[in-house]
Amino acid sequence: MKYLTLATLLLVGLMSLTIAEDLGYQIGDTVDDFTLTGVDDKAITLSDYMGEGGAVVIFTCNTCPWAVGYEDRIQELHTSLAEKGWPVLAINPNDPEIKPGDSFAAMQTRAADKAFTFPYVFDDKQEVFPAFGATKTPHVFVVDKDMQLRYAGGIDDSPQSADDVQINYIEAAVAAIAKGENPDPATTKAIGCGIKAKRG
Amino acid sequence: MLFLLLSALGLVAQEDLVVHDFASLGPYLEQENDTVYVVNFWATWCKPCVEELPYFESLTEEYSDLPVKVLLVSLDFKTQIESKLKPFIAEQKLTSEVVAFYERNPNDWIDKVDPAWSGAIPATLIWRKQDKQLIEGQFASYNELKEIINSLLNT
């Protein structure tokens with residue numbers, strides 16, 4: 001019985017290790033560089049794309065109402081932060097076989113209709129979002145010029161209504177880093193649509 | 001009389017749909033008794049959520065004689081409760097209890113449901129007494145859900 005308990009403990013320990021690995025980058029971790037193709041058919045590499053501060057990486061999509069509700073705010077973020085050295089990189093992580101509205105062609109249409117001025121790239125192999133531990137759209141990761149993850153979570157504190165926003169977490173994080181400080185909070189919980197991953 | 005008849009036929013949208021915030025939903029999640037509670041966070045536009053609704057409906061029906069209680073918490077936008085959620089409940093003839101939910105700031109309540117929840121839907125909180133688990137993502141099958149319920153009922 002004693003051994004059984006020990007075995008159970010070991011098993012539980014191993015399981016939690018596996019779960020921890022699934023969570024992706026933690027704050028302070030160095031992010032692996034990646035290259036993905038955007039709606040203009042051009043390949044974008046994170047390290048090349050970054051500004052003097054870094055980049056705001058946003059996993060988003062065409063179809064999730066929370067993501068759609070954030071489109072204008074993502075554009076505003078890019079407009080205000082790109083000139084400060086923190087351009088936005090939007091990534092669609094969804095498998096279009098599960099969600100046809102998130103196909104590459106649909107991304108191109110959406111980007112044109114909304115006249116996005118930030119790149120909107122496709123994680124077509126679904127390798128980038130698991131590395132970041134992104135679970136939903138929208139889900140944001142602020143990466144500094146040293147490729148360190150500095151903030152992970154939501155865009156602001158009011159997904160349903162831009163008018164009710166009190167704190168913009170991204171602007172706050174970038175402002176803190178610019179002052180040589182760590183973002184506080186460095187992580188937030190955000191609501192979103194689960195990423196549509198290929199079923200193994 | 002006409003209203004009663006229409007209600008019985010499921011033609012009238014639920015007039016009494018409760019819209020919770022965390023202050024009013026929170027105590028429900030704290031209940032510790034013999035009942036197995038199943039609280040599913042979903043939305044009408046969430047495809048995987050809608051796909052698994054029949055599992056919760058089957059649970060409500062199949063376990064009606066057992067201490068199992070399903071609550072479907074809709075995260076449909078507050079501006080769409082009348083236009084989308086209520087018609088959906090009526091069309092689908094949902095028999096499980098449905099409530100709507102609104103909080104401005106997700107950061108204020110997601111961790112209070114369960115710190116393990118990333119905030120993605122679908123997500124389902126299942127517990128009996130202090131034995132609690134948060135399942136993020138879609139159930140692979142009705143059986144997967146049933147196995148969790150059965151094991152909690154047998155503890």
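**Chain B overall, and a look at T135(A)**

Going along the sequence, chain B runs α-β-α-β-α-β-α-β-α-β-β-β-α, which comes to 6 helices and 7 strands. Helices (H or I, at least four residues) and strands (E, at least two) are DSSP runs, numbered from the N terminus. Keep in mind that this is a predicted model: local features need pLDDT of at least 70, side-chain atom pairs count only at pLDDT 80 or more, and totals for chains, interfaces and linings use all residues. Residues are numbered from 1 along each chain as its sequence is written, while chains are lettered from A and ligands numbered from 1 in the order in which they are written.

- The C-alpha trace of chain B spans about 45 × 40 × 30 Å along its principal axes.
- Of the 155 residues in chain B, 34% are buried (20 or more other C-beta atoms within 10 Å of a residue's own, with C-beta atoms placed from the backbone).
- Among contacts in chain B with a separation of 6 or more, 72% link residues 24 or more positions apart (a contact means C-beta atoms, placed from the backbone, within 7 Å).

**T135(A)**

- T135(A) sits in the loop between α5 (128–132) and β6 (136–137) of chain A.
- T135(A) counts as buried because it has 25 C-beta neighbours inside 10 Å.
- Leaving aside neighbours within four places in sequence, T135(A) contacts G194(A) and I195(A), plus S118(B) and A120(B).
- G192(A) is 57 residues from T135(A) in sequence, yet their C-alpha atoms are 8.3 Å apart.

How values were computed. Buried ≥ 20, exposed ≤ 12 C-beta atoms within 10 Å, placed from the backbone. Contact = placed C-beta atoms within 7 Å.
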